[in-house]
Amino acid sequence: MGGSLGKKESSKNYSSESKLDAKMVETMRRRAAQGSSMKSFNTIILKFPKIDESFKKCKTIFEQFDEDSNGAIDPDELRRCFHKLQVDFTEEEINEFFKACDIDENMAIKFNEFIVLLCLVYLLKEPTTSQAKSRLGLPELESTFQTLVDAFVFLDKNKDGHVSKSEMVEAINESTSGGRSSGRIAMRRFDEMDWDKNGMVTFKEFLFAFTRWLGIGGTEEEEEE
């Protein structure tokens, strides 16, 4: 799983925490208290092929909401997307989702950004009833999102809603014999996730790094590279 974040993506300032960021961290804290189905970092790696397949199928969903077929979703298209998915968020919240995932700040959500956005919606959307099996009406994709939530929870050893460098090292060492090699792997993976270099990785940063590890870029050209 190679690749790191592009210069455009890593240049955005993440120092100021938005309401959405705060809610995401708090939700991950509550979720972490429930534990994770992941038993090791290797378990996460073994999930890669299935996650990759699910994300590729998501391309059809993206194209459905990219109404003008320009390869990106604009704010108006996103509002209609939320309406069609029957996702009940306020106008302010929808704008926050857009801003949070529009990494290069060009007022356009590309495919990789769309995947992250939908996963954050899945995380933050409350089920309509306690028996509800689907939050977005996309059960297969939601299953993949739940796998990613579990993966993050596994890495978040102290359950504070973030992943630290030491937690990443601990997670990888649990799956290996430790040593310099595993330590270097942990450092490399962590650096790929920690965009703002503050020593703490949020779920959103984790998601964007995951799409890069799977080779999912924002444009067709990036995906072919």
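A residue counts as buried when its relative accessible area is under 20%. By that cut-off, helix H8 is mostly covered, with 13 of its 17 residues buried. The model is a predicted one.

Start with the chain as a whole. It has 225 residues, and buried residues make up 51% of them. The secondary structure comes to 12 helices and two strands. Along the sequence the pattern reads α-α-α-α-α-α-α-α-β-α-α-β-α-α. Take the contacts with a separation of 6 or more: 66% of them join residues 24 or more positions apart.

Now return to H8, which runs over residues 139-155. Its end C-alpha atoms lie 25 Å apart. At 1.5 Å a residue, its 17 residues should span 24 Å, so the two values agree.

What do the buried residues of H4 pack against? The partners are H3, helix H5 (75-84), helix H7 (111-124), H8 and H11. The buried set in H4 is Phe 48, Ile 51, Asp 52, Ser 54, Phe 55, Cys 58, Ile 61, Phe 62 and Phe 65. One of these, Phe 55, is in contact with Phe 145. Leaving aside neighbours within four places in sequence, Phe 145 also touches Ile 115, Leu 118, Cys 119, Tyr 122 and Leu 136.

Phe 145 leads on to the core. In soluble globular proteins, nonpolar side chains tend to be buried together. Here the largest nonpolar core has 69 residues. Phe 114, Phe 145, Phe 203 and Phe 206 have the most contacts inside it. Helix H7 gives the most to this core, with 12 residues.

Next, the empty space. Rolling a probe the size of a water molecule over the atoms shows where such space is left. A search of the whole structure finds one cavity of 30 Å³ or more. The volume of the largest cavity is about 40 Å³. Ten residues line it, and the closest to its centre are Phe 41, Ile 44, Phe 206, Phe 210 and Trp 213. Helix H3 (41-46) and helix H11 (203-213) are the elements that give two or more residues to the lining. H11 gives the most, with three residues. What is the make-up of the lining of the largest cavity? It divides into 10 nonpolar residues, no polar and no charged.

Two of the residues closest to the cavity centre, Phe 206 and Trp 213, are also contacts of Met 193. Met 193 sits in helix H10, residues 179-193. Its relative accessible area is 1%, under the 20% cut-off, so Met 193 is buried. Beyond its neighbours within four places in sequence, Met 193 is also in contact with Met 168, Val 201, Glu 205 and Ala 209. The C-alpha atoms of Met 193 and Val 163 are separated by 9.6 Å, and the two residues are 30 apart along the chain.

Finish at the surface. Is Ala 33 buried or exposed? Its relative accessibility is 61%, over the 50% cut-off, so Ala 33 counts as exposed. Ala 33 lies in the loop between helix H2 (19-32) and H3. In sequence, Ala 33 and Val 153 are 120 residues apart. In space, their C-alpha atoms are 8.7 Å apart.

Key
Residues numbered from 1 in each chain as written. Predicted model: local features only at pLDDT ≥ 70, side-chain atom pairs only at ≥ 80, totals over all residues. Heavy atoms only, no water. Helix = DSSP H or I, 4+ residues; strand = E, 2+ residues; numbered from the N terminus. Expected span 1.5 Å × (residues − 1). Buried < 20%, exposed > 50% of the residue type's maximum accessible area, 1.4 Å probe, protein only. 1 Å grid on protein atoms, 1.4 Å probe; cavity = no way out; pocket = protein on both sides within 12 Å on 5 of 7 lines; lining within 4 Å. Points joined across faces, edges and corners; volume = space filled by probe spheres on them. Nonpolar A, V, L, I, M, F, W, Y, C, P; charged D, E, K, R; others polar. Contact = heavy atoms within 4.5 Å. Core = buried A, V, L, I, M, F, W, Y, C linked by side-chain atoms within 4.5 Å.
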